[in-house]
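Subject: Handing over a two-chain model

Dear colleague,

Please find the structure below, together with its sequence. I have put down after it what I found when going through it, in the hope that this helps you to get started.

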Amino acid sequence: MITKQLCIIGGGPAGLAAAQAAYDAGCRDILVLERDCRAGGILNQCIHNGFGLHRFGEELTGPEYAQRYVDFVNERNIEIQLNTMVLDITDDKIITAVSQVHGLQQIQAGAIILAMGCRERPRGAIGIPGSRPAGIYTAGTAQRFVNLEGQMPGKRVVILGSGDIGLIMARRMTFQGAKVLACVELMPYSSGLTRNIVQCLDDYDIPLMLSHTVIDIIGKKRLEAVVVAEVGEDRKPIPGTEQTIECDTLLLSVGLLPENELSRAAKVSIDPATSGAFVDQDLATTVDGIFACGNVLHVHDLVDNVSEESARAGRTAAAYLAGEHKSGESITVTAGKGVRGIVPQRLNSAAMDADVSVMFRPDRVYKKAAVVVTSNGEEISRSRKPVLTPGEMVTIKLTPDKLAKISGGVEFSIEEA
Amino acid sequence: MQCGKRYDAVIIGAGVIGSAVARWLSRYRLSVAVLEKEAEPAMGSSGANTGLVHAGFDPEPDTLKAKFNVEGAKMFPALCEELGVHYEPSGAMVVAFNAEERAILDELLERGVTNGVEQLRIVEGDELFALEPNLSDKAVAALYAPTAGMVCPYGLTFAFADDAAGNGVEFIRNCAVSDIKKADDGYVITADCGEISASVVVNAAGLYSDVINNMVSEEKLTIKPNRGEYWIVDKALAGTFKASLFRTPTAAGKGILITPTVDGTLLAGPTAENVDDKADVDTTSAGLDTAFNGAQILWPKLRRADLITTFAGNRAKIAGGDFIIGQPKDAPGFFNAVGVDSPGLSSAPAIGRYLAGEIAEYLDAEPKVGEMLTPYKKPAKPFERMSNEERAEAIAADKGYGRIVCRCETVTEAEIRDSIRRPVGARTVDGVKHRTRSGMGRCQGGFCMPVVVDILCDELGLSPEEITKNGAGSELLIGRIGEESK
């Protein structure tokens, strides 16, 4: 069994940013474990630009953004082990990993940062009825084929789900000569970034069918058509609204699920509201010495936020390893009216002398709203937001002066004008 | 693969029955070929069922179903050990929720005893919930059959096929039979691969075994397909139940059940619905709701979020309801296995052994002895089931074990390559999936499928647009970007 001070599970944007920050905070014994043949995570297949507007003030492609962090890590000679799959983590922080070069490894870590990202929800999990032909992909898998393997999945495409991956693939497939016939979205609003709706659908005259879903799949060996129907307020198909769209490819963008199998093995408590770990403002989970950041914690919209959050996790891990991390009483963070998936779910009262970023999503579209933060009935902050939409994560920053007003608990809620 | 012109015996269908017959027939000095219309074995009913080895209390006494079920079920433990197929003697329970159902349990118990089923007994109250603590507390009693078990039905089919092929049986894929004519010395089969003569024909064509029978016999048969839809439950819930749990049966069938599988997942289903088209294995909104709601009666805590995917299969139901095994009066040398719906899987080893014996007698065949028999080479233990010590050794011996391709099911590159290299190895993405479980986990192939395609290309010398999901017409990719055909 080898020993490492800090092990980071995942060498995508979260893991790399955490590694850089941990190093800069003084940790010198770091090992990043990455299953793919290169670091960079999902960014490697996101060849469109729009990454890094906040972080670098530039519009980078995914691989370019990833390369910035790969460079940061390489400049610091931080060890990354590629082609390595972690099979298990115990709550004693023993990691079991497998690779061709190193065989089966067991590593005793002093601290672990969970940065495994997320997976896509597949067709089977939502039980779309019909036949099970070739031609049905999750949008990310299709993106992998097109952008990394250089292979086209099909030429007449319907996209289910208006999440960002689906929107990006609508444009990508169009660029590559496919005909994208429609983007079908169950809800009455899109779950993607507004700029993606404009730049991926509107700009290419791809219809966005809100309040619709796919109710049947047709095709024996290869997809031949999907049947789409309008849904009512109960999200159930309205009889008589069915239409058949002939296509050979269905791309699914119906939700991302944080990959917490390893977290569960390590007995990290998982919040059903986010499907990610319960953490405090410094990304500490419920297991001593295990931290979480990035999409494995909660699904982000902007990688810039992933980098910031993961850097915080890295700094915390370094402080923990140096014996400088103080843990105080927990202050519960409550998701009030309109607030979903709030992170962090608790505040460490011994760490209230630094800014705290709280992130969440609204449960629906709000116009002319305010995000209100209260503690003990007293209003601590109010931020006016002209538009809130589930497709865009909300970040509320609380400075130490505001944090000082918190006692007993803190609640975030949305008020509509 | 090109077929030869003449065989002693031609088996139509590489499902579990056809492959079982092939396996036992391969012990004789005969030339044998199996014609399979799909790209892989077990693509029909054999690949889409509950995977249960029934104890044998359900069939009516004195039927072929009763005989072959009880005999077959007894063969499973030793056979699976020999073939390296995962069999779990997990037991089964028929659960009653009221007095009327409770009375039916007594009937089933009696029937089981008549059929020769051992260790059957009724359990109720504390004993019932000690055995299955997560069963709905509305259950009043259960018929407990400890001798029932579960197996991977396509895993068993592959093992039979590989053993047969290792002993000289030719498996010819993508070869549908369109006609059979009687000849002086047997039969002439018209198939996709050409014309084949055979002294003996085995009809193991499953859903289409009526069509095949009707090509040669005036005793016309009609199969009415009956579809069953299933949900698969996340293996994170493995251990919720130990036994397969059935609702008390009605005229329609054994009803919605919950069963653990040998893979750690659980199945909720199947429904039972007559369909017009034998190839219609679509799932339906109504069917999936029925399967889920029916399962919740046994398992109230089952949630939609626990479900990872669905599938459906068709049962080859025949009027009269019993297996039709053996030669029709007007077609000597033509051996039927028609109407093999439940308990077909449980009966498969017994049917295979029986028909092979009948055929060997008909042909006066010599058994192979000594070195004529090639011992079966079991597939390696799945990496997922290895201990860490075994894993370290495996990687040291074969680096292919060091690359995990399917993360959800922990399937390595070595196993995927091996699945393609087996005697009747995988040729398609679904073939790899059914042999290794790659793509059967939570992400349903989202992560591993591109790598599986890559490995198939490498092993088979194909380009990506030639790789199919499950045979011609199910190509996954249309070509390289910029070069795809219009």
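A residue is called buried when its relative accessible area is under 20%, exposed when it is over 50%, and partly exposed in between. By that rule Lys378(B), with a relative accessible area of 39%, is partly exposed. Please keep in mind throughout that this is a predicted model.

Salt bridges within the chains

The side chain of Lys378(B) meets that of Glu81(B) in a salt bridge, at 3.8 Å from N to O. This pair links distant parts of the chain, since Glu81(B) belongs to helix 2 (residues 64–83) of chain B while Lys378(B) sits in the loop between helix 8 (344–363) and helix 9 (388–397) of chain B, 297 residues apart. Glu81(B), for its part, is exposed, with a relative accessible area of 57%.

In chain A, the side chains of Asp91(A) and Lys267(A) also form a salt bridge, again with 3.8 Å from N to O. Asp91(A) lies in the loop between strand 6 (84–89) and strand 7 (94–99) of chain A, and Lys267(A) in the loop between helix 7 (261–265) and strand 20 (270–271) of chain A, so the pair ties together parts that are 176 residues apart in sequence. Asp91(A) is partly exposed, at 33% relative accessible area, whereas Lys267(A) is exposed, at 55%.

A salt bridge with buried partners is found in chain B, where the side chains of Arg227(B) and Glu229(B) meet at 3.9 Å, N to O; both Arg227(B) and Glu229(B) are buried. Salt bridges that share partners also join Arg119(A), Glu259(A), Glu261(A), Asp234(B), Arg407(B) and Arg442(B) into one network. Over all chains, the count comes to 59 salt bridges.

Where the two chains meet

The contact between the chains takes 60 residues from chain B and 44 residues from chain A. About 4,000 Å² is buried between chain B and chain A, and carbon and sulfur atoms give 56% of that area. Arg442(B), Ile478(B) and Ile481(B) supply 14% of the area that chain B buries against chain A, which is more than any other three residues.

Across this interface there are four salt bridges, and Glu38(B) and Lys221(A) meet in a salt bridge through their side chains, at 3.5 Å from N to O. The residue pairs in polar contact between chain B and chain A number 19. Among the elements of chain B that each supply at least two residues to the side touching chain A are helix 7 (285–298), helix 12 (449–460) and strand 23 (479–480). Strand 18 of chain B gives the most to that side, with six residues.

Chain A has an open sheet of five strands in the order 10-18-12-13-14, with parallel pairing. Its edge strands are strand 10 (136–138) and strand 14 (208–210), each of which pairs on one side only. Within the sheet, strand 12 (residues 156–160) and strand 18 (residues 249–252) of chain A pair over four bridges, and Val157(A) stands opposite Thr249(A) in strand 18.

Leu6(A), finally, lies in strand 1 (residues 2–9) of chain A and is buried, with a relative accessible area of 0%. Beyond its neighbours within four places in sequence, Leu6(A) is in contact with residues including Ala22(A), Ile30(A), Ile112(A) and Leu321(A).

With best wishes

Methods. Residues are numbered from 1 along each chain as its sequence is written. Chains are lettered from A and ligands numbered from 1 in the order in which they are written. This is a predicted model: local features need pLDDT of at least 70, side-chain atom pairs count only at pLDDT 80 or more; totals for chains, interfaces and linings use all residues. Side-chain values use heavy atoms; hydrogens and water are left out. Buried means under 20% relative accessible area, exposed over 50%, partly exposed in between (1.4 Å probe, protein chains only). Contact means heavy atoms within 4.5 Å. Two strands pair if DSSP finds at least two bridges between them. Buried area is the accessible area (1.4 Å probe) that two parts lose on being put together, summed over both. A polar contact is a pair of N or O atoms within 3.5 Å; within protein, one must be able to donate a hydrogen and the other to accept it, and residues adjacent in sequence count only if both atoms are side-chain atoms.
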